[in-house]
Amino acid sequence: MKSRAQSEPSCEDPIKEATVIALKRVLEPLLELMFDAGVTVQEFNKIARDRAVRIATRRVTKESGRESKSRVAIMTGLPRSEVTRILSSLDSVATAKPNQHPARRVLAAWHDNPRFLGASGAPAVLPIFGKKHSFENLVERYGAGIPVRAMLDELTQLDAIEHLEDQKIRAKARVPVMTGLTSTSIAAVGERGRDLLRTLAHNVRHNSQPLFEATALIEDGDLDMVTLVRREIAEQGTNFINGATSLLNRSQRKRNSKAVRSSRTCRLGVTIYYFQDEISASDNTAIAGRHSHRKNLRRQERKPQKAVSKQSLE
């Protein structure tokens, strides 16, 4: 009789197996988002093939100095004809520029530009409309062409501003949290998700000069403390982002400086996020009471109708 170690096949490629497991974990939240947005598996398959061909082509060109459809076909496992078809089509991702969300730009300028600061250095209370020192002027400068009313509605929905009397508003947050199934919030998923995965992948490939990445995690968090923890982390995270933003702003290349026109630039950033697993009913019996129990229905047999005599109808 073979032992358990002998009966189980040995792992021929542990790196590939670990990568497949990691892909499955990464795909879970993406698939949930796909289903929420109505994206089918066939559409996802088409997107995966397109991105695979273009990324493989970029890698082959960088390594060999020339484009080779045959090598791309070998790397991706796709037919060479499909590689040719994909490369001859327009790459919509390459033409789209991932810029900062206009609402974030407006709030950042409200906190940084002296024109929109109060005497204490905090964001000033602004009238909604006006030519100077107003929310309207702020949006005209930093709102990327979005109408004032639309930006006002967006920041209100994000709970980033407070409406006061006499059509005046006050900034409540510098960093709005994008919520809801909207085009802007989904775009943020793609951009920030890509940045995080690139950082993790960079550290896997390079032993020297790793990019900073750290996680604080516990497996047995007290549910009664969750609200407090979320609030404290949001406050501390906002303070850190404010400091990081100031540091990044100081490192920007001066646009009007002739001495640095030839210097190279790169995209820099840092993201903080809080995560929490969904709580199952087995972990907390009190949660079960929040959901209404499904009522069991039983088919009721019809009672036979009494025969009506001809005499009773007369």
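Where is the place of Gln167? I found Gln167 in the loop between β2 (161-164) and β3 (168-171).

**Ground rules.** I am working with a predicted model, where local features need pLDDT of at least 70, side-chain atom pairs count only at pLDDT 80 or more, and totals for chains, interfaces and linings use all residues. Residues are numbered from 1 along each chain as its sequence is written, and side-chain values use heavy atoms, with hydrogens and water left out.

**Overall.** I looked up the secondary structure and got 12 helices and 3 strands. Helices (H or I, at least four residues) and strands (E, at least two) are DSSP runs, numbered from the N terminus. The protein has 314 residues, and 18% of them are buried. Buried is under 20% relative accessible area, exposed is over 50%, and partly exposed lies in between (1.4 Å probe, protein chains only). I then took the accessible surface, which is about 25,700 Å². Carbon and sulfur atoms hold 53% of that surface. The areas come from the Shrake-Rupley method with a 1.4 Å probe; for residues, only the protein chains shown count as cover. Next I checked contacts (heavy atoms within 4.5 Å). Of those between residues at least 6 apart in sequence, 48% join residues at least 24 apart.

**Backbone.** I went back to Gln167 for its phi. The angle is near 55°, a positive value in a residue other than glycine. Gln209 also turned up on my list, with a positive phi of about 50° although it is not a glycine. Gln209 lies in the loop between α10 and α11. At 71% relative accessibility, I note Gln209 as exposed.

**Salt bridges.** How many salt bridges does the count come to? I get 13. The rule asks for a side-chain nitrogen of Lys or Arg within 4 Å of a carboxyl oxygen of Asp or Glu.

I opened the pair Arg49 and Glu82 and read 2.8 Å between the closest N and O atoms. This pair links distant parts of the chain, 33 residues apart: Arg49 is in helix α3 (residues 41-64) and Glu82 in helix α5 (residues 80-88). Arg49 is partly exposed at 29% relative accessible area. Glu82 is at 14%, so I count Glu82 as buried.

Glu162 and Arg170 form another salt bridge, with the closest N and O atoms 3.0 Å apart. Glu162 is partly exposed at 33%. Arg170 is partly exposed at 34%.

Arg267 bridges to Asp195, and here the closest N and O atoms are 3.0 Å apart. Again the pair links distant parts of the chain, 72 residues apart. Arg267 sits in the loop between α11 (226-250) and α12 (310-313), while Asp195 sits in helix α10 (residues 183-205). Asp195 is partly exposed at 23% relative accessibility. I followed the shared partners and found one network that joins Glu191, Arg194, Asp195 and Arg267.

**Surface charge.** Which residues form a negative surface patch? I noted Glu28, Glu32, Asp36, Glu219, Asp220, Asp277 and Glu278. Patch residues have over 30% relative accessible area and no salt bridge; like charges are joined within 9 Å, and nonpolar side chains (Val, Leu, Ile, Met, Phe, Trp, Tyr) within 5 Å. Asp and Glu count as negative, Lys and Arg as positive; His and the chain ends are not counted. I took the place of each charge as NZ of Lys, CZ of Arg, CG of Asp or CD of Glu. Glu278 lies in the loop between α11 and α12. At 80% relative accessibility, Glu278 counts as exposed.
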